[in-house]
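Hi,

Here is the structure I promised to pass on. Open it in your viewer first, and then read on for what turned up in it.

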Amino acid sequence: MAEKNISLADQAYEIIKENIMNLTYPPGMTLTESRLTHELGMSRSPVRSAIQMLQKEGLIVSDYYKSMIVKEITDEDITELYQIRELFEGAAFKLIFTSGRHEEYSYRIEEKIVRMCAASSDLYAWELADTAMHMEIISIFENERINRIYENNLTELVRIGLYSIKNGMAIPKTNENLKKMVQYMRKGNYEKSFAILKADHFGTGKNTALSGLHNI
């Protein structure tokens, strides 16, 4: 019985977390045990365990009245996370070229872009694939601490990315721009390839995320 409860709790955790990440449960939404048990078709025990796990991760918080609320995302969150992304990925992208590994990484990043293109009709799946592409860029550091910073902020990065898409960051255009970035990488052109990454993912991405936050 204990193993079954643990399994159900894990299932509840994964479902609720995905609903938070894909904005089915948007930031600021109030959640209740009764609503979640009804939607998941589970008893209160596994749902309660899942809620506790998500509270430890900070994805579900309690307000002054002890209501359970999906963690908000603020302008400051978006600005800080894009600052982290630009600092790390800007340095990583430069290292890819100075280390002479730009051709190798053009193929590694291209593999992630192919997955993004395949997921274009599913906003959440596309955003997960986009996040994997960014993780590929920083893999050049071979630094587990940097990887953990990204992993620890994965939920926020995905939610923020969805704000960008919902407020005008066009997936087809982004995919095509990334394909051009890869071609410039393969030719050893750092300036043109980085200009695409900077414009699309540090500029447009941030600006549309901020606008999307206010419109959702």
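Which residues lie nearest the centre of the largest cavity, and how many residues line it? Keep that in mind while you turn the model around; the answer comes after a quick tour. One thing before you start: this is a predicted model.

**The overall layout**

The protein chain has 216 residues, and 44% of them count as buried. Along its principal axes, the C-alpha trace spans about 55 × 40 × 30 Å. You will find ten helices and three strands in the chain. Going along the sequence, they come in the pattern α-β-α-α-β-β-α-α-α-α-α-α-α. If you look at contacts between residues at least 6 apart in sequence, 76% of them join residues at least 24 apart.

**Back to the cavity**

So, the opening question. Fifteen is the count to look for: the largest cavity is lined by 15 residues, and Tyr82, Arg85, Glu127, Asp130 and Gly161 are the ones nearest its centre. Helices α4, α6, α8 and α10 each supply at least two residues of that lining. The volume of this cavity is about 110 Å³. Counting cavities of 30 Å³ or more gives two. As for how such spaces are found, rolling a probe the size of a water molecule over the atoms shows where empty space is left.

**The largest pocket**

There is a pocket to look at too. The largest pocket has a volume of about 160 Å³. Its lining is made up of Lys17, Glu57, Gly58, Leu59, Lys71, Glu151, Asn152, Asn153, Leu154, Thr155 and Glu156.

Glutamate 156 is in helix α8 (residues 154–166) while lysine 71 is in the loop between β3 (68–70) and α4 (75–98), so the pair ties together parts that are 85 residues apart in sequence. Are these two buried or exposed? Glutamate 156 has a relative accessibility of 10%, so it counts as buried. Lysine 71, with a relative accessible area of 27%, is partly exposed.

In total, the structure holds 15 salt bridges.

- Arginine 35 and glutamate 39 meet through their side chains at 2.8 Å, N to O. Both belong to helix α2 (residues 33–40) and are four residues apart, about one turn of the helix. Arginine 35 is partly exposed at 34% relative accessibility, and glutamate 39 is partly exposed at 39%.
- Glutamate 104 and arginine 108 form a salt bridge of 2.9 Å, N to O. They are both in helix α5 (residues 102–118), again four residues apart and about one turn of the helix. Glutamate 104 is partly exposed at 33%, and so is arginine 108, at 28%. Salt bridges with shared partners join Arg101, Glu104, Arg108, Lys112 and Glu136 into one network.

In soluble globular proteins, nonpolar side chains tend to be buried together. In this model, the largest nonpolar core has 41 residues, and Phe93, Ile109, Ile137, Met181 and Met185 have the most contacts inside it. The elements giving two or more residues to this core are α4, α5, α6 (123–138), α7 (144–152), α8, α9 (171–186) and α10 (190–215). Helix α4 gives the most, with seven residues.

Leaving out residues up to four places away in sequence, Met181 touches Phe93, Ile109, Ser193, Ile196 and Leu197. A second, separate core has 18 residues, including Ala12, Ile16, Leu31 and Ile51.

**One last stop**

Have a look at asparagine 22, which is in the loop between α1 (2–21) and β1 (30–31). What does its side chain make a polar contact with? The partner is the side chain of threonine 24, at 2.6 Å. Further along the sequence, asparagine 22 also touches Tyr124 and Leu162.

Cheers

Notes. Residues numbered from 1 in each chain as written. Predicted model: local features only at pLDDT ≥ 70, side-chain atom pairs only at ≥ 80, totals over all residues. Heavy atoms only, no water. Polar contact = N/O pair within 3.5 Å; in protein donor to acceptor, adjacent residues only side chain to side chain. Contact = heavy atoms within 4.5 Å. Salt bridge = Lys/Arg side-chain N within 4 Å of Asp/Glu carboxyl O. Buried < 20%, exposed > 50% of the residue type's maximum accessible area, 1.4 Å probe, protein only. Core = buried A, V, L, I, M, F, W, Y, C linked by side-chain atoms within 4.5 Å. 1 Å grid on protein atoms, 1.4 Å probe; cavity = no way out; pocket = protein on both sides within 12 Å on 5 of 7 lines; lining within 4 Å. Points joined across faces, edges and corners; volume = space filled by probe spheres on them.
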